[in-house]
Amino acid sequence: QGQVVESGGGFVQPGGSLRLSCAASGFTLSYYHVAWFRQAPGKEREGIACITRSDGGAYYSDSVKGRFTISRDNAKNTAYLQMNSLIPDDTAVYYCVPYYYCQDYVMRDGGRGNAMGAWGQGTPVTVSS
């Protein structure tokens, strides 16, 4: 049974940085695009970034564009999310999933392209002074 494990979250002050990891097991992550989502308390889950499986092209939500960078290391079966210039509105639980596609509409499709059919436990990020 394939699964992903997110890690790297924590507590950080505004303006700080974190690097999240998404380690896949039980399947080959390179066969899929990868998407990162987040869910803040009391809010719906939102897509924030995706990366293609082949050429590494990426899309971002307006809320994180210019601050976050998605990447992947297929040799390690792992994807990453580098988060810089963090603000309190970035406080959320962050999830990654293998995805069937990667286009700008991933940020608005509510996770319909989730190739795993389930969500991992996520990694919490708290941005506060």
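A: A residue is buried if its relative accessible area is under 20%, exposed if over 50%, and partly exposed in between (1.4 Å probe, protein chains only). This is a predicted model, in which local features need pLDDT of at least 70 and side-chain atom pairs count only at pLDDT 80 or more, while totals for chains, interfaces and linings use all residues. Residues are numbered from 1 along each chain as its sequence is written, and side-chain values use heavy atoms, with hydrogens and water left out.

The structure has two disulfides (cysteine sulfur atoms within 2.5 Å). One of them joins Cys22 to Cys96, with 1.8 Å between the sulfur atoms. The torsion about the S-S bond of Cys22 and Cys96 is about 75°, and therefore this disulfide is right-handed. It connects distant parts of the chain: Cys22 belongs to strand S3 (residues 18–25), Cys96 belongs to strand S9, and 74 residues separate them. Strands here are DSSP runs (E, at least two residues), numbered from the N terminus. Cys22 is buried, and Cys96 is buried too.

The other disulfide is formed by Cys50 and Cys102, whose sulfur atoms lie 2.2 Å apart. The link of Cys50 and Cys102 is also right-handed, with 85° about the S-S bond. Cys50 is in strand S5 (residues 46–51) and Cys102 is in the loop between S9 and S10, so the pair ties together parts 52 residues apart in sequence. Both Cys50 and Cys102 are buried. When the bonded cysteines of the protein chain are numbered in sequence order, the pairing reads 1-3, 2-4.

Six strands make up an open sheet, in the order S2-S10-S9-S4-S5-S6, and their pairing is mixed (two strands pair if DSSP finds at least two bridges between them). Strand S2 (10–12) and strand S6 (58–60) are at the edges with a single partner strand each, so one side of each has no neighbour in the sheet.

In this order, S9, the strand of Cys96, stands between S10 and S4. S5, the strand of Cys50, stands between S4 and S6. Strand S9 (residues 92–99) and strand S10 (residues 123–127) run antiparallel and are joined by three bridges. Within this pair of strands, Tyr94 is opposite Thr123 in S10.

Note on methods: Helix = DSSP H or I, 4+ residues; strand = E, 2+ residues; numbered from the N terminus.
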